[in-house]
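Please look over the sequence and the model below, and then read the report that follows, which takes up a pocket, a helix and a core in turn.

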Amino acid sequence: MASGQNRIREVFDRLMDAFGPQGWWPAETPFETMVGAILTQNTAWTNVERAVGRLKAAGALDAGTMLDMPDIELQTLIRPAGTFRVKTRRLKAFLAYFVSEYGADVSRMVEVPTGRLREELLSVNGIGPETADCILLYGLDRPSFVVDAYTRRVFGRLGAIDRALDYHEVKRRFEAALPADTRIFNEYHALIVALGKRVCTPAPRCGECVLNVICETGGTDGQV
C-alpha cells in the first residue's frame, strides 16, 4: 500500500510539472457546475458547453425554471449533450431534490457534512458516485476525489491500481495517499483527464508520456 501511495503522489507531481494548473471546472456558478456534472455523463465536454449555452440563452439555467419546464422543452435545450431524454429525467430528479431539500439554495447545502451530502446525492435517481463526487468537489468545494475511466486506465497501466477494484476502493486509495485538500483533488482529477485525452488514450502514445519512465506496462497491456 505504501508504494502505491507514493506512486499516486509522484504521478501528481509529474503531471503538474508537465501540464500545469488546469483551471477546471469551467462554470460560472456552483449550480451551473452541478448541471454540467449531470450533462457530461457519457459525452464530451464541448457538447455540454453547447447545452449549457442554450440553457443560458433561453434564460432557463435556474432550478425552478428547469423543474417546471415541460420535458420536451428541456430535452430540446439540452439535446447537444446527447441522450437528452435520459438526462432530462436525471436533471429533473436532481432538481426536485435540490428544490425540496434546500430550496434551490447552494448556501444551505454547504452547511451539510460531506458524508451525509454524498449519501443524499447518491440516493437521487441517475446520480452515481462519479457524478456525486464531481458535484461535491467542483460545485461545493469538498475534498471528495473523483474517479473516472481515465483514472482506471492511467493507473492500471502504471500498475498502481487493479482495474477490477470498485469505485469506492479506488477513491479510498487516492484519498489516503493525498492531503484532504480540495485544490489538490481538483487539479489531480483534471490532470489525469488531460493525460488520458492527449496521451494515455486507448491506443497510447507512450513515447510522448511524461509517466513512461515509471509505467510498468508502457501501455502495451492491450486494455483500454
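In this predicted model, the largest pocket is lined by 22 residues, and those that lie nearest its centre are T40, E130, D148, Y150 and V193. Helix 9, helix 10 (149-158) and helix 12 are the elements that give two or more residues to this lining, and helix 12 gives the most, with 5 residues. The space in the largest pocket comes to about 620 Å³, and its lining divides by class as follows.

| Class of lining residue | Number in the largest pocket |
|---|---|
| Nonpolar | 11 residues |
| Polar | 7 residues |

Helix 9, which covers residues 129-140, reaches 15 Å from its first C-alpha to its last, close to the 16 Å expected for its 12 residues at 1.5 Å a residue. Helix 9 is mostly covered, since 10 of its 12 residues are buried, among them D133, C134, I135 and Y138. The buried residues of helix 9 pack against several other helices, including helix 2 (30-39), helix 6 (84-102), helix 11 (167-177) and helix 12 (182-198). Just after helix 9, D141 takes a positive phi of about 60°.

Nonpolar side chains tend to be buried together in soluble globular proteins. Here the largest nonpolar core has 71 residues, and L39, F94, F155, F174, Y188 and L211 are those with the most contacts inside it. Leaving aside its neighbours within four places in sequence, F155 is in contact with F174 and Y188, and also with I8, V11, A160, I161 and I192.

How values were computed: Residues are numbered from 1 along each chain as its sequence is written. This is a predicted model: local features need pLDDT of at least 70, side-chain atom pairs count only at pLDDT 80 or more; totals for chains, interfaces and linings use all residues. Side-chain values use heavy atoms; hydrogens and water are left out. A nonpolar core is a set of buried Ala, Val, Leu, Ile, Met, Phe, Trp, Tyr and Cys residues joined through side-chain atoms within 4.5 Å. Buried means under 20% relative accessible area, exposed over 50%, partly exposed in between (1.4 Å probe, protein chains only). Contact means heavy atoms within 4.5 Å. Helices (H or I, at least four residues) and strands (E, at least two) are DSSP runs, numbered from the N terminus. The expected span of a helix is 1.5 Å times one less than its number of residues. On a 1 Å grid over the protein atoms alone, a cavity is a set of points where a 1.4 Å probe fits but cannot get out, and a pocket is an open set with protein on both sides within 12 Å along at least five of seven lines; lining residues have an atom within 4 Å of a point. Grid points are joined across faces, edges and corners, and a volume is the space filled by probe spheres set on the points. Ala, Val, Leu, Ile, Met, Phe, Trp, Tyr, Cys and Pro count as nonpolar, Asp, Glu, Lys and Arg as charged, and the others, Gly among them, as polar.
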